[in-house]
Each structure stands twice: as structure tokens, then as C-alpha cells.
Amino acid sequence: MRTRFLIVDDNELVRQSLRTVLQANPEWEIAGEASNGQEAVEVFQTSRPNLVILDFQMPGMNGIETARRILEIAPAMPIVLFTQHASLELEKHALSVGIRSVVSKTDTFPMVGIIEALLGPSELPAAKEQKDK
Amino acid sequence: MNEQQKVNILMVDDQPAKLLSYEVILKELNENLIKAHSGREALDLLLKNEIAVVLMDVSMPELDGFELAEMIRQHPRFQKTAIIFISAVHLTDVDQLKAYQRGAVDYISVPIVPELLRAKVSVFADLHRKTRQMEVLNRELRSLSARLIAMQDEERRRIARDLHDSVGQLVATLSMNNGLALMQVEKLTPPAGEALRQNTELVKQLSKEIRTISHLLHPPLLDEIGLLPAIKLFADGFAERSGIQVAVELSPELGRLAPKVEISIFRIVQECLTNVYRHSGSKTAAIKIWPSDEKMLTLQVCDQGKGIGVERRASMSSGTNNGVGLSGMRERLRELGGTLEIQSNGNGTTVTAVIPETTAATVGVS
């Protein structure tokens with residue numbers, strides 16, 4: 001079973017690069033994309049991803065608030081906050097709402113490793129839970 | 001009020017003939033002359049008009065001049081109204097002293113020398129006019145400086161946002177593309193691989209620079225998460241850049257405040273820490289924010305440096321050379337209805353700001 005990603009970023013170039021990075025792994029595919037928080041929540045419900053990569057600073061609803069909405073729908077959904085503003089303070093706040101990890105846009109190299117760790121050795125409990133709901 | 005604008009002069013005497021004679025004398029001043037025939041009438045007129053000068057007889061039936069002056073002075077609006085007494089009796093030093101104690105600016109005895117009365121009234125009428133002009137200018141200046149501060153905040157916010165949305169995103173994609181290329185670096189020739197690694201490092205540095213500039217322009221966490229994380233993040237970055245250890249003690253029960261209050265507190269903290277770095281020589285600093293009573297917040301920034309020197313303090317207290325920093329802080333606080341106090345000695349400086357607590361109209365993360 002392949003891992004399905006939802007990519008949320010207001011910048012098309014960033015989404016494009018993310019696609020390229022993620023699709024380098026043949027087991028990974030893009031389930032959906034959104035360019036703001038509101039859209040992200042909608043696409044999340046129709047695209048059934050296993051993992052969400054979320055920008056922090058976007059017009060309208062920010063990444064933290066978007067994560068909160070998504071976690072209301074699927075409390076176990078792994079979400080990675082992908083931001084230029086990565087910092088200890090932001091991380092504390094992000095983890096407190098249930099985001100699993102914060103990856104800096106400055107240093108994207110660890111991202112693939114973080115995603116693999118989040119997905120874990122066993123197959124995709126998050127997707128199962130969402131189906132069960 | 002322009003320079004030519006007339007001011008009101010109130011003449012109070014129970015004898016109509018005397019009022020008439022004052023009117024004749026003062027007519028050529030070309031101001032508005034208002035007549036009152038008793039103390040009561042005078043009070044009534046004072047409440048309805050803005051009066052620059054009150055010319056009054058000391059001995060009147062019912063309410064005499066001294067009593068009337070006392071009542072006028074008690075009213076905060078008339079604290080600066082010039083009162084001139086005229087009297088044919090009560091001419092002793094004791095009487096005159098009594099008049100001055102009740103707030104008179106002059107005491108004229110009868111017979112009146114017309115030129116003298118005219119000259120005296122004219123001086124106080126002009127003074128009143130100039131005071132009014134000053135007040136108007138002062139208000140304009142205040143509102144201008146408040147607007148400038150707000151515009152500067154807005155402009156910084158916009159530049160920071162633009163920097164994030166344009167250059168920042170481009171650098172982020174550069175970083176990702178480098179990451180992708182690095183995964184296959186073994187396919188490159190050694191010099192090409194080395195160049196790629198160097199580029200990756202350069203992009204990382206570039207991104208960090210942009211981030212620092214953008215954060216100093218406008219703290220990103222302030223709008224999105226709130227004041228406390230924004231201050232902590234700023235203090236961490238400041239400590240890293242300056243080598244000054246910063247202790248942050250923020251009362252956790254502080255919720256989201258009105259945006260104007262949050263940005264003002266943040267800017268004051270920023271300004272204080274900049275001063276610690278530039279002037280104090282201190283190796284440590286502390287930031288504290290706590291609710292000092294039901295409706296007030298206290299912000300305190302202390303250092304253990306050499307304090308503010310005598311010369312600098314003198315220029316600060318005379319207001320001649322505050323620098324933009326300190327007067328900027330004062331202006332921000334004035335806008336919020338707060339106060340600023342600076343204590344400084346050889347063991348360090350403490351800046352204390354007290355701010356009315358205005359919570360955000362809409363609570364929650366935007």
C-alpha cells in the first residue's frame with residue numbers, strides 16, 4: 001500500500017519541489033494539494049491522505065490552526081509543519097496542538113527521514129482510522 | 001485657532017457704570033467683551049464660554065470677588081484662566097496677598113489708568129491665545145507621531161511578509177532541489193559534487209540571513225501565535241547574536257492582547273534589549289511581564305550593566321537628546337495610556353512600563 005500525501009503551501013514553487021522530493025520514492029504519491037488552510041481542510045476530507053505536509057504562514061488560516069481542524073476530523077493524522085520560521089518556540093506550540101514534527105524550509109534535508117520515521121515500520125494506521133470513522 | 005482669533009474677556013462688576021468704563025477702555029483691544037453683573041452670572045458665563053481673562057471687582061454683594069475666584073479655581077477647566085482684581089478698597093498688602101493666594105494674576109487699584117489696564121489685559125489675552133495654539137499644535141504632533149509609529153509597524157510587517165513570500169520561498173525551493181540533487185551526488189564528478197555541497201551550505205546561510213532580517217522587521221509568531229512565544233523567540237535570537245544571556249519570565253496566564261498592545265510591548269522589549277547591547281556593557285538581561293493588578297500589565301527589562309551615565313541622563317531628563325528609542329517607547333505607551341519609568345545606577349538599569357490590559361477583541365489564533 002502506498003503512502004498518500006496532502007501538500008499544503010501557498011507557494012506553487014514550493015509545492016512543486018515537494019512533489020519532486022516525495023515522488024522520488026516510488027512508494028509515495030500525492031493525494032492532493034491545497035494553497036491555503038481552508039482549502040486544505042476540504043481537500044483533506046476528499047483525498048484521504050496518510051500524511052499531511054503543512055506550511056505555517058499562509059494567507060487566512062495559518063498552519064497551526066489548519067492542523068487543529070484536520071486533527072478534529074482525524075485525531076491520529078501525522079502532520080508535518082514545513083516552515084521558514086522553524087524555532088523552538090514554534091515547535092513547542094505545534095507539538096501542543098498535535099503536530100508531529102516541524103521541518104525547516106531552510107534545511108529540508110532531514111525531511112525524508114522524518115517522514116519515514118513518522119510512517120513507522122508498520123503500515124499506515126492513520127489511513128485505517130480515517131476509514132473507520 | 002489662528003493668531004487673529006478673538007478671545008473672550010469677562011468683566012464682572014455689580015455697578016453697570018463701571019462695566020461700561022471697562023468696556024470703553026478695553027474696546028480697542030478688539031477682543032470679545034462679555035459683561036456680568038454679579039458673581040453668579042459670571043460663573044454661569046464661565047461655564048458656557050471659554051474665557052481668557054476675568055476682570056473682577058473685589059467688593060460685590062452676595063458673592064464677592066475673592067469667593068468667586070476661589071470657586072473658579074476649583075474647577076479644573078479654569079485652572080489657567082487669568083483673573084485680574086480691581087478694587088477701590090482692600091488695598092493693603094494683606095488684601096493683595098489674599099487675592100494672589102486665590103489665584104489672581106494681578107491686582108489693580110482704583111483709579112484705573114486706562115493704558116495700564118489695557119496693556120495688562122492684552123498680555124494675558126495673548127498668552128491665552130498662544131497657549132491654545134500650543135495645545136492644538138501639541139495635539140497635532142501627538143497624532144502625527146502616533147500615525148508614524150503605526151505606519152512604521154505596518155510597513156515593517158509588509159516588508160517582512162514580502163520577504164517571506166517571495167525570496168524566502170525561492171530559497172526554500174532551492175534548498176529542496178539541492179537536497180534532491182544531493183541524494184544522487186555520487187553520480188556527479190567529485191568537483192561537481194563538492195560544488196553542490198557548497199551550494200547547499202550557501203543556501204542554508206542565505207536562508208538564515210533572510211530569516212533574521214525578516215524576524216527583526218516583524219516577529220512572525222506575534223500575529224500567528226502571540227506575544228509570549230514571539231518574545232521568547234526574539235530573546236533567544238538576541239542572546240545568540242549578542243552573547244548576552246537573557247532570562248525571560250512571562251506570566252503564562254496572559255492571553256492574546258489587542259494587536260496594537262502586542263506589537264507595542266514587543267517593540268519596547270526589542271528597543272530595551274538593543275539598549276542593553278549598545279550601552280550597558282551587561283552580560284545578562286531579564287524580561288518580565290506580569291499582570292500587576294486587574295487591569296494593568298507590567299513589563300520590566302533589567303540589566304546588570306554600568307547604568308545610564310550622568311551626561312546621558314541629563315540630556316534624557318531635559319528631553320533634548322532622547323534619541324528615537326526612548327521617545328518612541330514613550331509615544332507608544334502614551335498611545336496605550338501607559339507609563340514608562342527608568343531606574344538606573346552603577347549596578348544596572350531597569351525599565352518599567354505599565355500598560356492597561358486590553359485583550360484582543362477576537363481571541364484565538366488567526
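Biologist: Does T200(B) count as buried or exposed?
Modeller: This is a predicted model, in which local features need pLDDT of at least 70 and side-chain atom pairs count only at pLDDT 80 or more, while totals for chains, interfaces and linings use all residues. Residues are numbered from 1 along each chain as its sequence is written, and chains are lettered from A and ligands numbered from 1 in the order in which they are written. A residue is buried if 20 or more other C-beta atoms, placed from the backbone, lie within 10 Å of its own, and exposed if 12 or fewer do, with partly exposed in between. Because T200(B) has 20 C-beta neighbours inside 10 Å, T200(B) counts as buried.

Biologist: Which residues does T200(B) touch, not counting those up to four places away in sequence?
Modeller: T200(B) has its place in helix α6 of chain B, helices being DSSP runs of H or I with at least four residues, and strands runs of E with at least two, numbered from the N terminus. G179(B) lies 21 residues away from T200(B) in sequence and 7.6 Å away in space, C-alpha to C-alpha. With contact taken as C-beta atoms, placed from the backbone, within 7 Å, the residues that T200(B) touches are N178(B) and L182(B).

Biologist: Which element gives the largest share of the side of chain B that touches chain A?
Modeller: The interface joins 25 residues of chain B to 24 residues of chain A. On the side of chain B, two or more residues come from each of α5 (114-183), α6 (190-217), α7 (220-224) and α8 (227-242). The largest share, twelve residues, comes from α5(B).

Biologist: At what angle do α4(A) and α8(B) pack?
Modeller: L88(A), E89(A) and H93(A) of α4(A) meet P229(B), K232(B), L233(B) and D236(B) of α8(B). Axes are lines fitted to C-alpha atoms, for helices over the stretch in contact, and angles run from 0 to 180 degrees between N-to-C directions. The two axes are 8 Å apart, and the angle is about 145 degrees.

Biologist: Within what arc do the buried residues of α3(A) fall?
Modeller: In α3(A), residues 63-73, the buried residues are G63(A), I64(A), T66(A), A67(A) and I70(A). Their cover includes β1, α2, β3, β4 and α4 of chain A together with α7 of chain B. The arc is that of the directions from the helix axis to the C-beta atoms. The buried residues line one face of the helix because, seen down the axis of α3(A), they fall within an arc of 155 degrees.

How values were computed
Contact = placed C-beta atoms within 7 Å.
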